[in-house]
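Visitor: Please take one part of this model and go through it closely. I would like to see how its pieces are joined to one another, and then what lies around it.

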Amino acid sequence: MNDSKSRKSVKKFFHFKLNQDGLKWKPVRIKFALISVIAGSTGGLIHDLFNSSWPNSTILWFILSFALSVGADRGMAWIDIALRRSKKKRNNLEFAELAHVVQRVQADDLKKSTLRVFERCQLDRSELRVLQNQYNDQASGLLDIETPDKILGDIRNKSCTFRSLPNQSGGVIRWVRWIDANRTDAFFNPVRIVSLYLTNTQIVVCDVIVDSIKGDLQEDILRIAFSDVVGITSTNVRKRKELTFADEDEKRIALDHGFSEEDIQEMRRKSLKDEGDAWCLETIISELKISRTDGGLQALPVRFKTSFGVGKSALDGDALTADEIAIDRMVNELNRMIEGSKLTTAGR
């Protein structure tokens, strides 16, 4: 069960300041070396003045003092970078631990809110239409295998459930680069969860916005009779934005992906001089649109993805992704079910 402590951890995660240290060695401190050499040479010279039998001590003292000063400087530099590396590791571990807390809190919030709004619909689970395929956003952890069948199992294949970023201001987004898994995940808050349920006569849309930082919940239930539906279509928009790393939001994207402050400065320099491939942020937004006989149009988000990298483009990669294929199948199946229900009703 989520509590105020968990929500504070979620807030801390989205505003967490990652360690920007590039772990570069500090250069030799010339002043420190010169002072040591001058002091050593002076001592050797004084020794020569009072001990004429050993005229080469000035050179020996010069070499010895230089070696000791450089050795001491590099020793302190090694200790410094070891301490900085340890500090950065602790910082990254804390960020990863907070990310795991966010995963748990958001999954729990989405499960509760989905079950809550479903109960408000007062639908008979046994009368829900069964879909041929499962169209659920597994990334949300909403329909994971740990969910008891008696709670959600019987509507697992009777709903289309998707997670997306709400169309409102004030949201926050962070990226987590999992080094051990070699992947990057996007976390955002608030989260919008949309579920579709089909009976024999209508589509029931449960639209919920969950703020896991504040614990706020916004619920909307829309019922559309099949007789009022003209058809269902989908739109897919892919946009890319070239980054100059001039503001804090763009810097944070690079920091979350493991780049240091020095790396970001170099990326900004190349961007301003138009050198090499541009660093881009690509966003993919897919919507399901229900056209009604009264001319109305209900747009529902079914996918939100974002990626960061060099030369990202809407035309790069395969012609169709697995998500796009799944959405097309869902649209076709929903349209077939609606048309089939209309024909059955008309034949009575």
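Guide: Strands S6 (residues 202-211) and S7 run antiparallel and are joined by 10 bridges. In this predicted model, one place to look along that pairing is Val-205, which has Leu-222 of S7 opposite it. The two strands belong to an open sheet of five strands, ordered S1-S2-S5-S6-S7, and the pairing in this sheet is mixed. The edges are taken by strand S1 (135-136) and strand S7 (216-225); each has a single partner strand, so one side of each is left without a neighbour in the sheet.

From S6, step across to S5. These strands pair in the antiparallel sense over eight bridges, and a hairpin of three residues connects S5 to S6. Within the pairing, Val-191 faces Val-210 in S6. Strand S2 (residues 159-164) also runs antiparallel to S5, with six bridges between them. There the bridge partner of Arg-163 is Ile-193 in S5.

Strand S5 (residues 191-198) is mostly covered, with eight of its eight residues buried. In a regular strand the side chains alternate between the two faces of the sheet. In S5, Val-191, Ile-193, Ser-195 and Tyr-197 point one way, while Arg-192, Val-194, Leu-196 and Leu-198 point the other way, and all are buried.

Now the other sheet. This open sheet has three strands in the order S8-S9-S10, paired antiparallel. Its edge strands are S8 (229-242) and S10 (297-310), each of which pairs on one side only. On average, neighbouring strands here are turned by 10 degrees against each other, direction ignored.

Strand S9 (residues 279-292) and S10 are paired in the antiparallel sense over 13 bridges. Thr-283 is set opposite Thr-306 in S10, and Leu-288 has Leu-300 in S10 as its bridge partner. S9 and S10 form a hairpin with four residues between them, and Gly-295 in the turn has a positive phi of about 95 degrees.

Aromatic rings come next. A search of the whole structure finds nine aromatic pairs. In one of these, the rings of Phe-259 and Trp-279 have centres 5.2 Å apart and planes at 80 degrees, so the pair is edge-to-face. The cut-off behind that name is a plane angle over 60 degrees. Phe-259 is in the loop between helix H4 (248-256) and helix H5 (261-272), whereas Trp-279 is in strand S9, so the pair ties together parts that are 20 residues apart in sequence. Phe-259 counts as partly exposed, at 23% relative accessibility.

Trp-279 also pairs with Phe-308: the centres of these rings are 5.2 Å apart and the planes are at 25 degrees, so this pair is stacked. It links distant parts of the chain, with Trp-279 in strand S9 and Phe-308 in strand S10, 29 residues apart. At 11% relative accessibility, Phe-308 counts as buried, because that word applies under 20%.

Ring pairs also link Phe-13, Phe-14, Phe-16, Phe-95 and Phe-187 into a cluster.

The C-alpha atoms of Glu-94 and Phe-16 are separated by 9.4 Å, although the two residues are 78 apart along the chain. Apart from neighbours within four places in sequence, Glu-94 is in contact with Lys-12 and Phe-16. The side chains of Glu-94 and Lys-12 are joined by a polar contact of 2.7 Å. Glu-94 has a relative accessible area of 29%, so it is partly exposed.

Technical notes: Residues numbered from 1 in each chain as written. Predicted model: local features only at pLDDT ≥ 70, side-chain atom pairs only at ≥ 80, totals over all residues. Heavy atoms only, no water. Buried < 20%, exposed > 50% of the residue type's maximum accessible area, 1.4 Å probe, protein only. Contact = heavy atoms within 4.5 Å. Polar contact = N/O pair within 3.5 Å; in protein donor to acceptor, adjacent residues only side chain to side chain. Pairing = 2+ DSSP bridges. Axes fitted to C-alpha atoms, helices over the stretch in contact; angles between N-to-C directions. Phe/Tyr/Trp six-rings, centres within 6.5 Å; stacked < 30°, edge-to-face > 60°.
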